[in-house]
Amino acid sequence: MTMYKKLQEKQPTHVLERIRESLERLNEKMDVMIEIQKQNPRGVESIPDVLDVMTLLSLPDHLRKTAVTLCRLGHATADQVAEQTKRARAVESGYLNQLVFMGYVKKERQGRRAYFYVEKEG
Amino acid sequence: MRKIIALHSYKGGTGKTLLSINLAATYVKTGKDVCLLDLDFRAPSLQAAFKTNDAEYWINDYLNGTCDIRKVLIDVTQQRGGKGRFFVGLANPTTEAIREMTAKDRKWEMRALGRLLSLKSSVLNDMHMDYLIFDTSPGLQYSSINAIVAADAVLVVTSVDTSDVRGTQRMVHELYDLFDKKTGILMNKVPAEALASPTKKEAFRRQFNNLHSLPILEAIPCFCDILRSGGTYIFAEEKPEHPFTKALERIAAQVEQF
């Protein structure tokens with residue numbers, strides 16, 4: 001609590017903003033998990049699917065924006081997606097990971113960087 | 001600014017192809033470099049319009065990943081005689097190709113979307129074209145939605161027919177809005193009496209602006225001489241003073257400002 005107060009005194013809006021973003025991401029992840037649980041009561045780790053335009057149409061607005069941007073970029077980091085969508089990197093990272101979790105997007109690490117893609121080129 | 005423009009409609013026969021060709025020709029006339037692609041794989045039309053048998057590769061091949069887009073594009077600059085460069089990309093009109101395109105699976109459509117998206121870099125940036133114009137299939141189907149997602153601006157061609165107006169309204173809310181597209185409406189084949197005076201024209205525009213909740217870029221009257229021409233020549237090139245050509249010039253100027 002004391003540490004939180006110190007942080008709050010230093011940069012109150014910044015800290016609150018980060019907490020809000022984290023909570024939003026948690027909420028969205030839980031929504032996705034609940035949805036997947038409903039559809040797969042026996043529990044399947046992931047549902048691989050195709051990110052075609054009909055799937056894009058069925059996604060919620062915030063995920064559609066991320067997915068279309070990734071389709072345009074082909075292979076990108078959360079930073080590169082955030083640059084295009086003008087949203088925070090942390091927010092895009094959350095959305096991209098949700099798309100990975102839903103089976104529409106793949107993720108690979110190159111050193112410390114995580115890259116997201118719909119399909120490997122070639 | 002370089003742009004990809006998709007011409008789309010809810011119903012067939014609204015005049016997408018005629019308007020696509022004439023919009024492209026209007027830009028070329030003013031010195032812009034334009035590439036016009038036929039993405040109507042069910043009813044390919046540009047080959048007949050440009051009277052060319054030069055196609056060795058089709059857009060079908062590009063989307064299948066078997067060739068580069070430059071192999072598909074036919075340079076018609078000399079043939080058309082405009083100030084800018086003019087390229088067309090044709091869809092394969094054979095029955096076999098049409099049948100093949102209708103049987104593609106979701107994974108192919110996903111890859112096709114990726115290839116359409118990459119045209120921004122290969123055609124607009126690398127070939128320095130000012131406009132890439134997509135003539136699409138009507139309604140909600142893969143090829144047209146792919147084209148809309150890849151485009152920067154969408155021009156929706158509609159008539160005054162009630163079913164067309166209602167279908168267009170649905171597409172505005174359930175398609176263009178969802179993809180956050182700059183969209184404008186082109187009312188085509190409007191009965192001449194609805195546009196007979198400036199007052200009537202203004203009332204017509206207001207009525208349809210409200211119905212579509214989108215700007216009506218132009219209300220184009222139904223011209224018998226366009227029907228009479230039978231698609232044998234391009235109005236924007238051959239009839240510079242025709243009201244249809246003038247309407248296209250106004251549309252081109254508005255889209256430039258999008």
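Visitor: In E5(B), which residue is the bridge partner of Leu7(B)?
Guide: That is Asp135(B). Please keep in mind that this model is predicted, with local features needing pLDDT of at least 70 and side-chain atom pairs pLDDT 80 or more, while totals for chains, interfaces and linings use all residues. Residues are numbered from 1 along each chain as its sequence is written, and chains are lettered from A and ligands numbered from 1 in the order written.

Visitor: What makes E1(B) and E5(B) a pair?
Guide: DSSP must find at least two bridges between two strands. Strand E1 (residues 3-8) of chain B and strand E5 (residues 131-136) are joined in the parallel sense over 5 bridges, so they count as a pair. E1(B) also pairs in the parallel sense with strand E6 (residues 153-158) over 4 bridges, and there Ala6(B) has Val154(B) as its partner.

Visitor: Why are H5(A) and H6(A) called roughly perpendicular?
Guide: Their axes, which come within 8 Å, cross at roughly 115°. The class runs from 65 to 115 degrees (under 35 is roughly parallel, over 145 roughly antiparallel, the rest oblique), so H5(A) and H6(A) are roughly perpendicular. Axes are lines fitted to C-alpha atoms over the stretch in contact, with angles from 0 to 180 degrees between N-to-C directions.

Visitor: How do you know which residues are in contact there?
Guide: Their C-beta atoms, placed from the backbone, must lie within 7 Å. Among those making the contact are Val81(A) of H5(A) and Leu96(A) of H6(A).

Visitor: How many residues of chain A are in contact with chain B?
Guide: There are 11, in contact with 13 residues of chain B. H4(A) gives the most to this side of chain A, with 4 residues.

Notes: Buried ≥ 20, exposed ≤ 12 C-beta atoms within 10 Å, placed from the backbone. Helix = DSSP H or I, 4+ residues; strand = E, 2+ residues; numbered from the N terminus. Contact = placed C-beta atoms within 7 Å.
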